[in-house]
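Here's a quick tour of one protein model, with an eye on helix packing, charge pairs and strands. Have a look at the structure first, then read on.

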Amino acid sequence: GHYGRGFAYQMADTGSADQKPQGRGGFRGGFGGERRPRREGEGGARGGDRERRGGPRRPRAPKGDDDKEWVRVTELGRLVKEGKIRSLEEIYLYSLPVKEYQIIEMFLDKKLKDEVMKMMPVQKQTRAGQRTRFKAFVVVGDSDGHVGLGVKCSEEVATAILGAIIMAKLVCCSRPPWI
């Protein structure tokens, strides 16, 4: 609604005339000015307040630890690691969902080949211009009836290719016997 002319002056007035004006005269944000240290649980514009949006900040995984031991997450992963499931066909026979790409690597790692079919830049229009990301299409297979196609978009080409290889392994399926 319309508050009238005196409303803004009432909001900006912080005290009597002999008192020193506090801070920036009723404005919260802005550029420059006095800075005070943040208190516990108090956020800011650059990710300090995680409770309100996005949840608590989680520690990142260290980079370069790709060759470490496979930690099984699913029941199927545990069964494969223990050797109770001996082939991919057993997984396909019971239509079990493969959620870990290491399961495919256990059975086809030596024979599996990957090929980048296409790399394409995709752009998103933002207020500051365009944001370019790269989309990778990768096919993996063992030349013996198992094939998978993966698509991944990332800000870097190498990251997009690695992500697409993982996605292709997750959707790897066997060729039907009549083909």
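Which helices do the buried residues of H2 pack against? This is a predicted model, and in it those residues pack against helix H3 (88-93) and helix H4 (101-108). Helix H2 spans residues 75-82, and its buried residues are Leu76, Gly77 and Val80. Looking down the axis of H2, you'd find them within an arc of 100°, so they line one face of the helix. Just past the end of H2, Gly83 has a positive phi of about 85°.

Four salt bridges turn up in the structure, and here are three of them:

| Salt bridge | Closest N and O atoms |
|---|---|
| Glu75 and Arg78 | 2.3 Å |
| Arg78 and Glu82 | 3.1 Å |
| Glu105 and Lys169 | 2.6 Å |

Glu75 and Arg78 sit three residues apart in H2, about one helical turn. Arg78 and Glu82 are four residues apart in that helix, again about one turn. Together with Lys84, these residues make up a network of salt bridges. Glu75 is partly exposed at 48% relative accessibility, as is Arg78 at 30%.

The Glu105 and Lys169 salt bridge ties together distant parts of the chain, with Glu105 in H4 and Lys169 in helix H5 (residues 157-170), 64 residues apart. Glu105 is partly exposed at 22%, whereas Lys169 is buried at 11%.

Now the strands. E2 (residues 129-141) and E3 (residues 146-154) pair antiparallel over eight bridges. They form a hairpin with four residues between them, and Ser143 in the turn has a positive phi of about 60°. E3 also pairs antiparallel with E4 (residues 173-174), over two bridges.

Conventions:
Residues are numbered from 1 along each chain as its sequence is written. This is a predicted model: local features need pLDDT of at least 70, side-chain atom pairs count only at pLDDT 80 or more; totals for chains, interfaces and linings use all residues. Side-chain values use heavy atoms; hydrogens and water are left out. Buried means under 20% relative accessible area, exposed over 50%, partly exposed in between (1.4 Å probe, protein chains only). The arc is that of the directions from the helix axis to the C-beta atoms. Contact means heavy atoms within 4.5 Å. Two strands pair if DSSP finds at least two bridges between them. A salt bridge is a side-chain nitrogen of Lys or Arg within 4 Å of a carboxyl oxygen of Asp or Glu.
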